[in-house]
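Work through the exercises below with the sequence and the 3D structure in view. Try each task before reading its solution.

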Amino acid sequence: MRSALVTLVLALPLVAQAPAPQPASAPAPTPAAKPRVQLLTSYGPIVVELESELAPKTVANFLQYVKDGFYKGTIFHRVIDGFMVQGGGMTDTLMEKPTRDPILNEVGSTFKAGLKNARGTIAMARTQNPHSASSQFYINLVDNPSLDPHGFSEEGFGYCAFGRVVSGMEAVDKIAKVRTEWRRGMGDIPQFPVYLKDAVLLPPQ
């Protein structure tokens, strides 16, 4: 009888230490789809995927211009083969469209995250003032490290890349080969307009 009691007492702690059933782990959240915009050009469609998390103000600004239909009927007014193609602000008469206020340059966060002015990236065009970007953008034809940050001066502040071409880079390369000229005090203007017929926000992938 005593032997049986000892066995029972010794067994009790083992029962007390039995692990409680673990609740089922919650499924990992699905990452939000990155917005994509199709640029319908006279040389074919170009689809860009935008980095909202890295450049929230820049992407929101660009998407607002897209939703407003601002880009419809503008041109790529600056084309430099081996460098970049720029558009999103002028009509075919080289008149600049009125824009909203300029935005904060977010190149510090994008560059730190590894989004640089590399071939196929889309970035904001601006004046010498680092925080003067509004509607105009450019697409890099090659890697352009000179456009990345090199300090905090106006000259070295850098240009903010905020996405990349995911399809249609062949259209960008075709635009790069058009003949250009000097007109209205500006160089690198295509002799014949390269139209951005429209910019359309695509459904989430």
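The model is predicted, so local features need pLDDT of at least 70, side-chain atom pairs count only at pLDDT 80 or more, and totals for chains, interfaces and linings use all residues. Residues are numbered from 1 along each chain as its sequence is written, and side-chain values use heavy atoms, with hydrogens and water left out.

**Exercise 1. The whole chain**

Task: State how many helices and strands the protein chain has, and what share of its residues is buried.

Solution. Step 1: helices (H or I, at least four residues) and strands (E, at least two) are DSSP runs, numbered from the N terminus. Step 2: the chain has four helices and 10 strands, in the sequence pattern α-β-β-α-β-β-α-β-β-β-α-β-β-β. Step 3: a residue is buried under 20% relative accessible area, exposed over 50%, and partly exposed in between (1.4 Å probe, protein chains only). Of the 205 residues, 40% count as buried.

**Exercise 2. Helix α2**

Task: Compare the length of α2 with the expected span, and find which strands its buried residues pack against.

Solution. Step 1: the expected span is 1.5 Å times one less than the number of residues. Step 2: α2 (residues 56-67) has 12 residues and reaches 16 Å from its first C-alpha to its last, close to the 16 Å expected. Step 3: its buried residues are T58, V59, N61, F62, L63, Y65 and V66. Step 4: with contact meaning heavy atoms within 4.5 Å, these residues pack against β1 (36-41), β2 (44-50), β5 (121-124), β6 (137-140), β7 (161-167) and β10 (195-201). Step 5: just after α2, G69 takes a positive phi of about 75°.

**Exercise 3. F83 and its contacts**

Task: Find which residues F83 is in contact with, leaving aside neighbours within four places in sequence.

Solution. Step 1: F83 is in the loop between β3 and β4 and, at 22% relative accessibility, counts as partly exposed. Step 2: its contacts are N140, L141, V142, N144 and L147. Step 3: F83 and N140 are 57 residues apart along the chain, yet their C-alpha atoms are separated by 6.3 Å.

**Exercise 4. The largest cavity**

Task: Give the volume of the largest cavity and sort its lining by class.

Solution. Step 1: on a 1 Å grid over the protein atoms alone, a cavity is a set of points where a 1.4 Å probe fits but cannot get out, and lining residues have an atom within 4 Å of a point. Step 2: grid points are joined across faces, edges and corners, and a volume is the space filled by probe spheres set on the points. Step 3: the search finds one cavity of 30 Å³ or more, and the largest has about 60 Å³. Step 4: T58, I103, L104, N105, E106, M124, R126, P130, A133 and C160 line this cavity. Step 5: Ala, Val, Leu, Ile, Met, Phe, Trp, Tyr, Cys and Pro count as nonpolar, Asp, Glu, Lys and Arg as charged, and the others, Gly among them, as polar.

Conventions:
1 Å grid on protein atoms, 1.4 Å probe; cavity = no way out; pocket = protein on both sides within 12 Å on 5 of 7 lines; lining within 4 Å.
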